[in-house]
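Open your viewer and keep the sequence panel beside it. We will go stop by stop, selecting as we go.

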Amino acid sequence: MTAQTAHSEPSSDHPTSSVPGPKRVAVISSSLRAGRMSPSIADWVVAALDRTSGVQVDLIDLAEITLPDDSQLYPGGGPTTEVADRVEAAEAFVVVTPEYNHSYPGSLKRFVDWHFSQWMLKPATIIAYGVRGGHAATEHLRGMFAELNMVTTRRGLGLSTPWEALDDAERYTPDDGTTRALSAALAELLWWAGVLRDARTDRPFPG
């Protein structure tokens, strides 16, 4: 499922990026379990980004894609996946993940491992959830993303028992404080997206 909304960039007196156009943000819904919560939270994030000028959104639901068999995976490579071009096109990521057994789910690890260069020098905001807020999943993801030369934003969200904030239509409807926290996290993510877009264009990575 892909949700894409493009808006024109707001006018500014400051110099524009050497790479014009909207910032492209991929929202990753990572849980595969029956009765999963991640689609409702991901839809909430997509709606917030859709209200943000200068953003194009791509919703990637891991339950709707099929990755190659892991026997074909090797470090930094492997067959091209059906969503590799979408990961490559994204300039920033919002990762919606549950906490399973004090970490993130295997579905997300496989998805990350099946892509490599597509992640590099891009920012990610982590929105984790669980009985205690998913903080262990967040910290484990930070280490993995650092290995891929990604920037994880300082602001993220740890949602405790978010299933208690579902309305009758299964939409996630948190309190105003949580909504403001999302806005702050997305603002930081988009700042990093602009900075790293310029850096990828103008400053070759010394690696």
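Start with a term: pLDDT is the predictor's confidence in each residue, from 0 to 100. You need it because this is a predicted model, where local features need pLDDT of at least 70, side-chain atom pairs count only at pLDDT 80 or more, and totals for chains, interfaces and linings use all residues. Residues are numbered from 1 along each chain as its sequence is written, and side-chain values use heavy atoms, with hydrogens and water left out.

**Stop 1: colour by confidence**

Select residues 1-19. Their pLDDT stays under 50. The model still gives this stretch 39 contacts beyond four places in sequence; a contact means heavy atoms within 4.5 Å. Now select everything. The mean pLDDT of the protein chain is 91, and 90% of its residues reach 70 or more.

**Stop 2: show the cartoon**

How many helices and strands does the protein chain have? There are five helices and six strands. Both are DSSP runs, numbered from the N terminus: helices are H or I with at least four residues, strands are E with at least two. Trace the chain along its sequence. The pattern reads β-α-β-α-β-α-β-α-β-β-α.

**Stop 3: zoom out**

Along its principal axes, the C-alpha trace spans about 45 × 45 × 30 Å. The radius of gyration is 17 Å, which agrees with the value near 17 Å for a compact globule of 207 residues. That radius is taken over C-alpha atoms, and the globule rule is 2.2 Å times the number of residues to the power 0.38.

**Stop 4**

The protein chain exposes about 10,600 Å², and carbon and sulfur atoms supply 51% of it. These areas come from the Shrake-Rupley method with a 1.4 Å probe; for residues, only the protein chains shown count as cover. Of the 207 residues, 45% count as buried. Buried means under 20% relative accessible area, exposed over 50%, and partly exposed in between (1.4 Å probe, protein chains only).

**Stop 5: strand E4**

Select residues 123-130, which form strand E4. Pick Ile 127 in this strand. Is Ile 127 buried or exposed? Ile 127 is buried, because its relative accessible area is 0%. Leave aside neighbours within four places in sequence. Ile 127 then contacts residues including Ile 41, Val 45, Val 94, Leu 157 and Leu 182. Draw a line from Ile 127 to Arg 155: their C-alpha atoms are 9.5 Å apart, across 28 residues of chain.

Move to Ala 128, also found in E4. Ala 128 is buried too, with a relative accessible area of 0%. Among the residues it touches, beyond four places in sequence, are Thr 97, Gly 133, Ala 137 and Gly 158. Glu 99 sits 29 residues away along the chain, with 6.8 Å between the two C-alpha atoms.

**Stop 6: helix H1**

Select residues 38-50, helix H1, and find Ala 47 there. Ala 47 is partly exposed, because its relative accessible area is 29%. Ala 47 and Thr 201 are 154 residues apart in sequence and 29 Å apart in space, C-alpha to C-alpha.

**Last stop: a loop**

Find the loop between strand E6 (157-160) and helix H5 (176-202), where Thr 161 is placed. Thr 161 has a positive phi, near 45°, and is not a glycine. Glu 170 lies in the loop between E6 and H5 as well. Its phi is about 65°, also positive in a residue that is not a glycine.
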